[in-house]
Amino acid sequence: MALTGLPPDTDADVARVTEALAMITPRWSVRILLALNAGQPLRYKELAAKVPWLRDGQLAPKLKQLCDTGLVERTEHNPRHVTYGATDRATTLLPVLPLIVTWAEQYLEKPEQPLPAIEQVEDSLTLLTRRHAAAILWVLKIRGEVSGPALAQEVIPGSYWTNVYPALRQLVDDGLVATNGNGQPYRLSPAGEGLAPVLSALSAWSAGQPLAQAGQHPVWGSAQAAPGQRMWLSRLPRGQAPTTTPAPARTDQTPVWQRTALFSHATPSRPLAALPTGGPRR
């Protein structure tokens with residue numbers, strides 16, 4: 001069943017990315033995946049020691065949720081010996097995270113105190129999982145400038161056209177969409193356009209394709225890699241050949257999420273919450 005008024009292949013792409021974002025955005029999910037990717041599968045108490053900010057009773061439902069989505073595997077060796085490990089599906093997702101950090105550092109409003117990379121990832125994911133966010137971004141990328149009613153016909157076909165405005169206004173407040181005022185067409189802001197490497201990589205991952213194919217995404221890709229895409233290609237897992245600029249040989253075998261200091265065992269510097277309105281910094 002079509003979710004948008006876009007062509008079937010594009011509609012399916014939007015649905016897959018929306019589902020992928022919903023899998024990883026819930027609070028603490030990315031941190032748990034990073035902890036599980038630091039080595040061998042862990043027992044519950046070993047994992048709990050790596051995420052000490054989670055109170056008693058919070059980790060178990062998070063693990064069940066990640067197991068249900070296929071990102072974590074629970075292995076029962078015997079009734080008294082159970083371990084948790086990240087699946088191959090989760091491992092192939094992690095190289096997307098540095099892309100999100102790069103985008104956040106360039107476009108998100110800079111706080112008074114610099115945020116750890118993991119919190120930049122969490123804040124960015126919060127923006128992208130706004131209601132109808134993916135569909136709106138796809139339509140604006142494809143159509144360029146478009147009126148609110150025309151946008152609504154493609155984002156939520158069959159619904160009253162004003163229903164798109166709460167989501168649209170939120171994306172304007174978040175700085176991903178721009179307009180010259182009430183009644184004026186909407187378009188992607190520079191921050192919205194800058195999401196291309198992130199969204200194309202998420203699309204490739206959600207479709208089960210090698211991340212090297214992200215640069216050929218029909219909506220967000222480009223024939224010639226942009227600077228952000230070249231950065232991403234240089235961080236591909238060993239064994240995945242880039243399709244544009246070749247990556248220099250690496251002697252450092254440390255996983256990318258550890259090289260970029262995405263994960264810290266320290267208590268988060270602040271509670272995870274939606275980004276304040278005000279949008280990306282200019």
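**Entry 1: Gln-120**

I began with Gln-120 and found the residue in helix α7, which spans residues 117–128. I note that the model is predicted. I then looked up the accessibility of Gln-120: the relative value is 14%, so the residue counts as buried, the cut-off being under 20%. For its surroundings I set aside residues up to four places away in sequence; Gln-120 then touches Ile-100, Val-101, Ala-104, Glu-105 and Leu-115.

**Entry 2: helix α12**

I next examined helix α12, residues 196–206. I found 11 of its 11 residues buried, so the helix is largely enclosed by the rest of the structure. Among the buried residues I listed Pro-197, Leu-199, Leu-202 and Trp-205, along with Ser-200, Ser-203 and Ser-206. After α12 I came to Gly-208, which has a positive phi, near 75 degrees.

**Entry 3: the sheet**

I traced an open sheet of three strands, ordered β1-β3-β2, with antiparallel pairing. The edge positions belong to β1 (42–43) and β2 (72–78); each has a single partner strand, so one side of each lacks a neighbour in the sheet. I recorded six bridges in the antiparallel pairing of β2 with β3, residues 81–86.

Helix α2 (residues 29–36) touches β1, β2 and β3, and its direction makes about 105 degrees with that of β3. Helix α4 (residues 59–68) also packs on the sheet, where I found it touching β2 and β3. The direction of α4 makes about 110 degrees with that of β2.

Key: Residues are numbered from 1 along each chain as its sequence is written. This is a predicted model: local features need pLDDT of at least 70, side-chain atom pairs count only at pLDDT 80 or more; totals for chains, interfaces and linings use all residues. Side-chain values use heavy atoms; hydrogens and water are left out. Helices (H or I, at least four residues) and strands (E, at least two) are DSSP runs, numbered from the N terminus. Buried means under 20% relative accessible area, exposed over 50%, partly exposed in between (1.4 Å probe, protein chains only). Contact means heavy atoms within 4.5 Å. Two strands pair if DSSP finds at least two bridges between them. Axes are lines fitted to C-alpha atoms, for helices over the stretch in contact, and angles run from 0 to 180 degrees between N-to-C directions.
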